[in-house]
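This report concerns a predicted model. The sequence and the coordinates are shown first.

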Amino acid sequence: MSNLLLARFIPEARELLQISASGLLKLERNPSDETAVNEVFRAVHTIKGSSGLFDAGALTRLVHAAEDLLGEVRSDALRIDSALVDMLLDSLDQVGQWIDELERRDALPADADAVAHRMAAQLRRRLGSQDGEAAGAPADGAQREAEPAPADAVATLPPALLARLPASACLAAFRRACGGEAVHLVCYAPEPGCFFNGTDPLQAIRQVPGALALDIAAAEPWGTLEDLDPYQCNLHFALLTEAPRAEIELAMRYELDRTTIAPVRPRDLVRIAGEPSDGPIWDDFRETASAFLAAGRYDELRKAVAALRSVAGPTLWRRQALDWLDAALSAPEPDPALAAALVAAAGSGRLDPPPGGPLPTAQAPASQPASQAADPRRDLAHSVLASQHRSLERAGYDAERLASVGTVVENVLLSLGRDADRAAIQAAFAAAREARSVAPVLSALAAVLAGAPLQRPEAARALPETDLQEFATEVAPGPAIGGKEPEARIAAKSLKVDQAKIDLLMNLIGELVVSKNALPFLAKRAEETYASREMSREIKEQYAVIDRLAQEMQGTIMQVRMLPVAEIFDRFPRLVRDLARKLGKRIDLVLEGEDTAADKTIIEALGDPLLHIVRNSLDHGIEAPDERRAAGKSATARILLRARQEADSVVIEVQDNGRGIDPARIRGAAVAKGVVAQEEADRLSDQEAINLIYRPGFSTAAEISDLSGRGVGMDVVLTTVEKLGGQVSVSSRLGEGTTTRLALPLSMAVTRIMIVEAAGSLYGVPMDMIVETVRVPRERIRRIKKAETFVLRETIIPLLRLSRLLYLPEQPRGEADAAVLVCQVGGRRVGLIIDNFREGMDVILKPLEGVLTGIDGYAGTTLLGDGRVLLVLDLRELL
Amino acid sequence: MSGKRILVVEDGITMRMFYQDVLGRAGFVVEEAANGVEGLEKALLGGFDLMIVDINMPKMDGYELVSRIRREPSLQATPVVTISTEAKDADATRAYEAGANFYIVKPADPVLLVETARLLTGAPV
Amino acid sequence: MAIRIARKIVHLEGRCTVEEALPLLEALRKPGAHKVVMTKCEGLHTAILQVLAAARPATLVPPADPALAGLIMPFLQDSSPASGGAA
């Protein structure tokens, strides 16, 4: 199961990383772009949230650091600059590498923890650096909170921890806490691999001053000794300390991202033990003390407490309650609720649980420590109800609020089978609505909270420690819910489908297209062999229906395969930025028409050629800022990447306003490199000279730069694009810039071909190469030396014989005219003499396999409807 | 008893799949919305026993969504659980103030999530 | 070396570092009842602590240093099978 989740996470994370990177670049250009900062923040935040589902702590921590930084940028506490963008981009790159690693090996590399630690520390150094905080001061999320922490932000105390604290120390801590010097709970869940970067968690936690009690617990239950890895830290620490927050943070500064610090509510420190006792003296005390308390007469209350303490035996439970009460009252402004609880305790001989338990939020970051520290499962129902109590208490009477609280409380009790409590609560809600006051509900809730544990014994056992990786097996199907099938499931609006499945569907539809082509053959046979015109006609009718359906299916699947060019365009802002910085050039990259879509094969194959063109432009086209200024241009150059659809093609242009291509230089370079001879170079028009850059072995730079050169020339661009059935053209004006234009078919999955006969065999010719078919009377074919030509509408078209090109014996034909296929190949027109034209059809081209692989001149093979294999020609190679 | 229906409002695809899987397995009917606006639209179509709302979302964040839900008469009685990566009390307090009934820190423990859903929908634990 | 092994008795002395976790673990993996004497121990790495917690030696003699003993013994005694059998 976790593999499925991971498989979903990986593409999501990549997409989000891409969004983050392009957002960061936008932000760098325009630091006040609020949309961009929100976009980046959210993307990073989502990665962080989802990554928490997997065993990728290092990744989560690094992303968390980035998120914190972005949070400051978002709240204007930090100004974004290029150095910061660099840092964030580097971190995102690292995350990207880890995502690749997760995909390959399901795990992060061994050094991930160390890398995350280093990079996160680097990021965090920028935190808070602009609001006047001392440099080097610990800066983590907690410290940067605007307010010191609200009074109700409390920690849940692990019971074991309190038990470790001697009663006297506990009372002393309580006294201080009541006086406003908060006692803090420090929960520290070290990274399992932390030993490797020199961290000794025990030593780290010992550095925290003012320690009152320390609880150590195993994060995961110990397995057998044979399986124990002594170098994987499996311990969690919970420390109670009277040190102020800043000191704790200083001591734990290297481990802050693994540490939570929260003040402890004084109430939670109260621990009373002793012998039971009884007597009217206690009842009297309770009465007097309650009255003083209600009137706020603390001095008199203090006196009453002191008086009774002097007479009651020190080993009595009630006397100890008085000690705590005394401590609570030692504060200049005692907490009335706490004092009331302790007065009641001394008066009744028992301590009622506090109303409103802690919220289940005081958890250690990252991995949820499985120690007894704040196990939210144990008291889930209690927590839920306590939360309702607290929010009602705070909101006061609010009919809108009451409704959902009512549902929740009733459902919880229903869930637990507490029918009596439910009846009481229902009555309380009715009374509350009547009286327009939350008081009845509050007291009914408090009663429930103070009553029997809100847990079914079997439920407690049914909650084992669960490893997230195995959750699928751990979550048992719920008893009795969903008796019916989930009939009302609304279909999701979009699906993410594995590309391989689309490709398979595509191939199947392709096969269908080909199979349907058998029907006309069948119709012909019905008529010719079985002499049934009727049958032949019916087959043709059926064929028409199937043909239409197949075409619709094909069209639909093509749409599914369409991807926006944004898929590749989005890589460029980052790339151009990095290269420009490296080259010391200033470039404004503009993207247009990113929504233009084309088949995914085209889009995917376009990446490299486009990269090459852009790099070439950056490297050779764009001048350095000084040179631009000297030429009267703005120092910042512009590169425009523009996509648009033109008929059946997607056209992509790369336009720069750089120095342009100098035909004279090209001629010189081409001759020097031996690409062309001097005479040929002289004959070329300027445009033709520019086209020389696409010749193999040509590169305009004196030395091959590591950016655009890489040992290959622009000829690679041409080859790739033409393989896809596209065209490349360059236009340039010296001093003004260069535009490279790529035109590619929108889709290439199904190729339309024409079947032709030559030398007694059938061949396919891709339809997109054919300009027209003509029959040329023999007498109009002219011979110039050995070459044949004919004139078509005042243009001389060279003629070639297909059979000769294929080295096949020519069969002399006595016909008065020649069948000529006029083709457009590599920018020129050629007439191909064949024996006969046949029908056109849509085919799925399969590449040549086996012994045929090396043979030039063929684009591939396809299956004909009658089962024959048809060779499809690649005219570019053939001519 | 009919299947308890939960609306999960969460922008992360992986997280949605996680909820769908964990809660679906436990017998809940889970529907999804990818942001606050979509969440509100789906919620208004009605019939949910519980809403699980992520805090940090595009278009309309969790706080805003929860307070809108509480202003809708037809949704006032629907329990809402907010989920966030933030373990800070200030965030929890803000969610409760907006009208949430419970606050869970991400990544939610699957068992805890299922138990919470059962408790809040009145399904047997 | 801060770890000294004499038959079934393991002595941890001075400052025990992370490097000593593995030899300690190997000693405690051997079958039989083990005794770990920490009297002269002055400090120990977390790795040592968790090996002791996981291995739960039959007898554990706490460090003489009260601060160190107070730090680690409650935890080690909680996880020891015969609780309190050491002190």
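The model is predicted: local features need pLDDT of at least 70 and side-chain atom pairs count only at pLDDT 80 or more, while totals for chains, interfaces and linings use all residues. Residues are numbered from 1 along each chain as its sequence is written, and chains are lettered from A and ligands numbered from 1 in the order in which they are written.

**Interface of chains A and C.** Contact here requires C-beta atoms, placed from the backbone, to lie within 7 Å. On that criterion, 18 residues of chain A meet 18 residues of chain C. Two or more residues each are given to the chain A side by helix 8 (201-206) and strand 2 (211-218) of chain A; helices (H or I, at least four residues) and strands (E, at least two) are DSSP runs, numbered from the N terminus. This side of chain A has 13 nonpolar, one polar and four charged residues, where Ala, Val, Leu, Ile, Met, Phe, Trp, Tyr, Cys and Pro count as nonpolar, Asp, Glu, Lys and Arg as charged, and the others, Gly among them, as polar.

**Chain C.** Three helices and six strands make up the secondary structure of chain C, in the sequence order β-β-β-α-β-β-α-β-α. Of its 87 residues, 40% are buried; a residue is buried if 20 or more other C-beta atoms lie within 10 Å of its own, exposed if 12 or fewer, and partly exposed in between, with C-beta atoms placed from the backbone. Among the contacts in chain C with a separation of 6 or more, 57% join residues 24 or more positions apart.

**Nonpolar cores.** A nonpolar core is a set of buried Ala, Val, Leu, Ile, Met, Phe, Trp, Tyr and Cys residues joined through C-beta atoms within 7 Å. The largest holds 119 residues, of which A:Leu62, B:Ile6, B:Leu23 and B:Met51 touch the most other members. Helix 1 (residues 2-29) of chain A supplies the largest share of this core, 10 residues. Beyond its neighbours within four places in sequence, B:Leu23 has contacts that include B:Ile6, B:Phe28 and B:Leu113. A second, separate core of 96 residues includes A:Ile216 and A:Phe237.

| Residue | Phi |
|---|---|
| A:Asp106 | about 65° |
| A:Ala759 | near 50° |

A:Asp106 is found in the loop between helix 4 (82-105) and helix 5 (112-125) of chain A. A:Asp106 counts as partly exposed because it has 13 C-beta neighbours inside 10 Å. A:Ala759 lies in the loop between strand 12 (751-758) and strand 13 (761-766) of chain A, and is partly exposed, with 17 C-beta neighbours inside 10 Å.

Terms used: Two residues are in contact if their C-beta atoms, placed from the backbone, lie within 7 Å.
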